[in-house]
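Hi,

Here is the structure I promised to pass on. Please have a look at it first, and then read my notes below.

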Amino acid sequence: MQEFLADAALFLPVLLRGLGMTLLLTAAALAVSIALGLLWVLMGYARFAPLRWISRAIINVIRGIPIIVQLFCIYFVLPEWGLDLPPFAAGVLGLGLAYSVYQAENFRGGLSSVDKDLIEAGTMLGMTWPVLMRRVVLPLGIPAALPSLGNTTIMLLKDSSIASTITIAELTRAGQLLAISTFKNGTVYLLIALLYLAASLPMAAAVRALERRFARK
Amino acid sequence: MIRLRGVRKSFGERDVLRDVSFDVAAGEVACLIGPSGSGKSTILRCINGLESHDAGTIEVDGVAVTPQSLPQVRAAVSMVFQRFNLFPHRTALDNIIEGPVHVLGQPVAKATARAMALLERVGMASHAQAFPRHLSGGQQQRIGIARALAMEPRAILLDEPTSALDPERVGEVLKVMRDLADGGMTMIVVTHEIAFAREAADQILFVDGGTIAEQGPAAEFLSNPKTDRTRLFLSRVRHPL
């Protein structure tokens with residue numbers, strides 16, 4: 001026990017730096033996934049049919065390829081075509097793209113929960129499609145999507161560990177390096193697991209609070 | 001003011017409207033009565049363009065209702081719904097100024113001043129900041145009427161405005177409608193409230209099987225219905241037992 005505590009004190013500063021990178025990566029990828037997810041879902045609702053096809057195609061393709069393969073494509077293959085992204089940017093883009101399809105599903109669920117009668121009320125007032133979206137559908141649909149969006153964020157936090165494979169020094173990679181150089185696998189991986197939990201449990205609580213708030217309405 | 005000629009509409013195999021024709025003059029109140037599923041609501045929804053009609057013509061102020069004319073038509077004709085359809089994320093006041101500000105482009109201050117006058121008119125001035133979920137059905141429907149009036153329409157369509165209300169709350173909404181009628185507003189009302197029709201309507205149209213089965217001035221229609229079908233319907237509505 002005493003040895004564990006001594007090792008923990010030694011390893012924690014390194015691992016906490018890794019956790020910081022994990023949180024930064026998660027936050028940046030979350031922002032990208034939300035922006036792209038909203039784009040896919042709005043394209044999916046467009047009157048112009050080709051936009052809907054493109055949205056559907058993008059979602060099916062991205063959903064069908066493992067995240068690690070997408071990251072490798074962005075980090076190792078794109079440079080051969082002249083697009084050489086630094087690791088962090090490649091990680092944000094890869095995770096954000098991969099998760100945008102789940103966010104699109106979250107938003108679609110939220111937006112389709114908006115009562116058709118309210119869309120009729122807006123239509124009756126003479127609202128055009130963009131006004132209807134901005135004033136009725138999005139303000140009601142996005143809050144309805146928040147609980148599932150929170151769950152997706154927890155998954156994203158954990159999947160950000162995949163970015164360790166493209167040399168980003170986030171929590172998992174920082175731990176791997178420690179474990180390799182100290183052979184203290186048990187201590188290191190236990191600490192990593194605890195740190196991921198420490199980050200995800202508050203998020204889970206926030207999701208539950210959101211769900212309760214919507215159950216009340 | 002509103003003119004329908006030979007209007008037809010079907011949902012798939014089902015013919016909901018077959019050959020509907022009638023006129024409502026400016027300032028007139030027309031009540032549509034008839035059994036459920038006869039097409040009364042569909043007539044209103046076609047006038048406002050919430051549904052498209054398959055054949056025939058609908059004119060509002062001389063403008064034919066087509067996909068291209070819908071903005072113009074909706075500016076002229078507002079609608080009140082059976083289930084109110086208020087925006088749940090906005091206060092009573094914000095529900096009313098929503099159209100004037102975000103469709104007509106009025107300044108918020110002007111729209112708010114007008115909305116407060118309308119709230120006064122429907123007896124809801126003290127509930128301006130209330131959210132719909134905190135209001136009774138009758139109160140919500142009065143906000144619904146104020147929201148329709150805020151667009152300064154030439155006519156309003158009311159689709160069974162009191163059918164979803166507690167019996168005790170029906171009167172407060174009918175009173176507002178009565179005041180509107182007396183003020184010269186052109187109205188088409190789908191309703192089962194025969195008493196309202198008798199007192200406020202200029203003409204009554206009996207809709208059955210997707211067509212106007214009988215029509216006439218309110219007093220005459222109610223005291224001296226011409227067809228057996230109308231007589232049967234009126235006696236059932238008046239004497240449910």
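In chain A, helix α1 (residues 2–44) and helix α2 (residues 49–63) have axes that come within 7 Å and cross at roughly 135 degrees. Axes here are lines fitted to C-alpha atoms, for helices over the stretch in contact, and angles run from 0 to 180 degrees between N-to-C directions. α1(A) and α2(A) are therefore oblique to each other (angles under 35 degrees count as roughly parallel, over 145 as roughly antiparallel, 65 to 115 as roughly perpendicular and the rest as oblique). The crossing of α1(A) past α2(A) is left-handed; that term applies if the near helix is turned anticlockwise from the far one by less than a right angle, and right-handed applies if clockwise.

Which residues meet there? From α1(A) come A:Trp40, A:Met43 and A:Gly44, and from α2(A) come A:Leu51, A:Arg52, A:Ile54, A:Ser55, A:Ile58 and A:Ile59 (contact means heavy atoms within 4.5 Å). Sorted by class, this contact has six nonpolar, two polar and one charged residues. Ala, Val, Leu, Ile, Met, Phe, Trp, Tyr, Cys and Pro count as nonpolar, Asp, Glu, Lys and Arg as charged, and the others, Gly among them, as polar.

A word on the source: this is a predicted model, in which local features need pLDDT of at least 70 and side-chain atom pairs count only at pLDDT 80 or more, while totals for chains, interfaces and linings use all residues. Residues are numbered from 1 along each chain as its sequence is written, chains are lettered from A and ligands numbered from 1 in the order in which they are written, and side-chain values use heavy atoms, with hydrogens and water left out.

α2(A) also packs with helix α4 (residues 87–112) of chain A, at an angle of about 125 degrees and with axes 9 Å apart. That makes α2(A) oblique to α4(A), and their crossing is left-handed. On the α2(A) side are A:Ile58, A:Ile59, A:Ile62 and A:Arg63; among their partners in α4(A) are A:Leu97, A:Val101 and A:Tyr102. This contact divides into eight nonpolar, one polar and two charged residues.

α1(A) and α4(A) meet too, their axes coming within 5 Å and crossing at roughly 50 degrees. That makes α1(A) oblique to α4(A), this time with a right-handed crossing. The contact of α1(A) with α4(A) has 21 nonpolar, six polar and one charged residues.

Stepping back, chain A has eight helices and zero strands (DSSP runs numbered from the N terminus, helices being H or I of at least four residues and strands E of at least two). Its C-alpha atoms fill a box of roughly 70 × 50 × 20 Å along the principal axes.

Now to the partner chain. 19 residues of chain B are in contact with 16 residues of chain A. The area buried between these chains is about 1700 Å², with 64% from carbon and sulfur atoms (buried area is the accessible area, for a 1.4 Å probe, that two parts lose on being put together, summed over both). B:Arg74, B:Phe87 and B:His102 supply 28% of the area that chain B buries against chain A, more than any other three residues.

How many salt bridges are there between chain B and chain A? The count is two, a salt bridge being a side-chain nitrogen of Lys or Arg within 4 Å of a carboxyl oxygen of Asp or Glu. A:Glu120 pairs with B:Arg45 at 2.4 Å, N to O. B:Glu98 pairs with A:Arg135, with the closest N and O atoms 2.7 Å apart; this pair runs from helix α3 (residues 92–102) of chain B to helix α6 (residues 129–159) of chain A.

Best wishes
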